[in-house]
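Here are some exercises to work through with the model open beside you. Try each task before reading its solution.

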Amino acid sequence: MDALIAQLQRQFRDYTISLYQQGFLDDQFTELKKLQDDGSPDFVSEVLSLFFEDCVKLISNMARALDTTGTVDFSQVGASVHQLKGSSSSVGAKRVKTLCVSFKECCEAKNYEGLMLCYRCVRCLQQVDIEYKALKTKLQDMFNLEKQIIQAGGIVPQVDIN
Amino acid sequence: MATKSTGGTEKTKSIEVKKKLINVLIVDDDPLNRRLHEMIIKTIGGISQTAKNGEEAVILHRDGEASFDLILMDKEMPERDGVSTTKKLREMKVTSMIVGVTSVADQEEERKAFMEAGLNHCLEKPLTKAKIFPLISHLFDA
C-alpha cells in the first residue's frame, strides 16, 4: 500500500508541475491552494466551479453577441472578455487569461472593421472555449489523483513549483 | 443582500485592531472575487461581510450603524460603481479605510480618479494575502 501511495504521490507531483510548465496554471493558483485549510477543505474546487460557470455564461454571451446578423456591439463583447480575463486571473488560469488579453485587443482594434473584425473575434472566442475546456479536464484529472491518494490512505503532497 | 462570514484563527496570527478582529466589507459584483477575498480576510484573521455592488454598500451604511475597519471596493460594478460608492460613503462621513481594487487594464487616470474619490489605497487584482496583509498591518499601527 505504501508503494501505491508513493507512486500516486509522485504522479500527482509530476502532473501538477506539468500544468505549470505547460502554462495552464500560474502562481495565483498556488495562492488559492495556500488559502485552503481544514476549515474550508473545498475552497479551491468551489472557486474553480465559480470560474467555470463564468466561462460558460460569458462565452455564451459573446457567442450570442457575435452571432447577430445586424450590428455587432464589440464594446459589449469586450466587456465580457474583460470579465473573463478578471476571473481567469483570479484563479491562475494562465492560458485562458493570455487568450483573453489578445481577444480584448482584437475587440478594440481600429484597423479591422465589420465582417473581418467579427471573424477575428469569433476565432478568439473559439480558442478561449477550447482552452477553458482543456483546463477543466486537466484540473479534473489532478483532483482525481488527489482523491486516489486520499482513498489509498495517503496525504496529498504540497508541490513546490519553484 | 449583504452576507456575513466569520474568520477563524486556527493557523494564522490574528491582526487585532484596538483589541478586536478586523471587520471587513467586501464590495464586488463578482461572486468569485467575493469568495476569494472572504477567504483571504479569514486566513489573516479578519471577519467579513459582502455586498454585491456599491448600492448595497451604501444601503448598509445608511442607518449609521455599520462599522467596518476596512472596505475592499471593486471599481467596476453595476448599479453603482466603486468611484461613485467611495464618494458617497465619504459624503456620509464613513471613516473606514477604503482600499480600491482595480484591474491591470485600468488606466493611470482611472486609478487617480478612484483614489481622489476618497480611497486610502489602491491594489491591483488578483488580490493575495501578501498584498493585503502588510497594508493592513502598516495602516493600523499606532
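Contact here means heavy atoms within 4.5 Å, and helices (H or I, at least four residues) and strands (E, at least two) are DSSP runs, numbered from the N terminus. This is a predicted model, in which local features need pLDDT of at least 70, side-chain atom pairs count only at pLDDT 80 or more, and totals for chains, interfaces and linings use all residues. Residues are numbered from 1 along each chain as its sequence is written, chains are lettered from A and ligands numbered from 1 in the order in which they are written, and side-chain values use heavy atoms, with hydrogens and water left out.

**Exercise 1. Helix 3 of chain B**

Find which residues of helix 3 of chain B are buried, and what covers them.

Step 1. Helix 3 of chain B spans residues 82–91, and its buried residues (under 20% relative accessible area, 1.4 Å probe, protein chains only) include B:Gly82, B:Val83, B:Thr85, B:Thr86 and B:Leu89.

Step 2. These residues lie on the same side of helix 3 of chain B, because they cover an arc of only 165° around the axis; the arc is that of the directions from the helix axis to the C-beta atoms.

Step 3. Among the elements of chain B that cover them are helix 2 (54–61), strand 6 (70–74), strand 7 (97–102) and helix 4 (108–116).

Step 4. Now look at the ends. After the helix comes B:Lys93, with a positive phi near 65°.

**Exercise 2. Where chain B meets chain A**

Work out how many residues of each chain are in contact, and which three of chain B supply 35% of the area that chain B buries.

Step 1. Contacts link 19 residues of chain B with 21 residues of chain A.

Step 2. The buried area (accessible area, 1.4 Å probe, that two parts lose on being put together, summed over both) is about 1,600 Å², and carbon and sulfur atoms give 60% of that. On the chain B side, B:Leu32, B:Arg35 and B:Met39 supply the 35%, more than any other three residues.

Step 3. B:Arg35 also forms a salt bridge with A:Glu46 (2.5 Å, N to O); the term means a side-chain nitrogen of Lys or Arg within 4 Å of a carboxyl oxygen of Asp or Glu. The count between the two chains is one.

Step 4. Helix 1 (residues 31–43) of chain B gives the largest share of the side touching chain A, nine residues.

How values were computed: Buried < 20%, exposed > 50% of the residue type's maximum accessible area, 1.4 Å probe, protein only.
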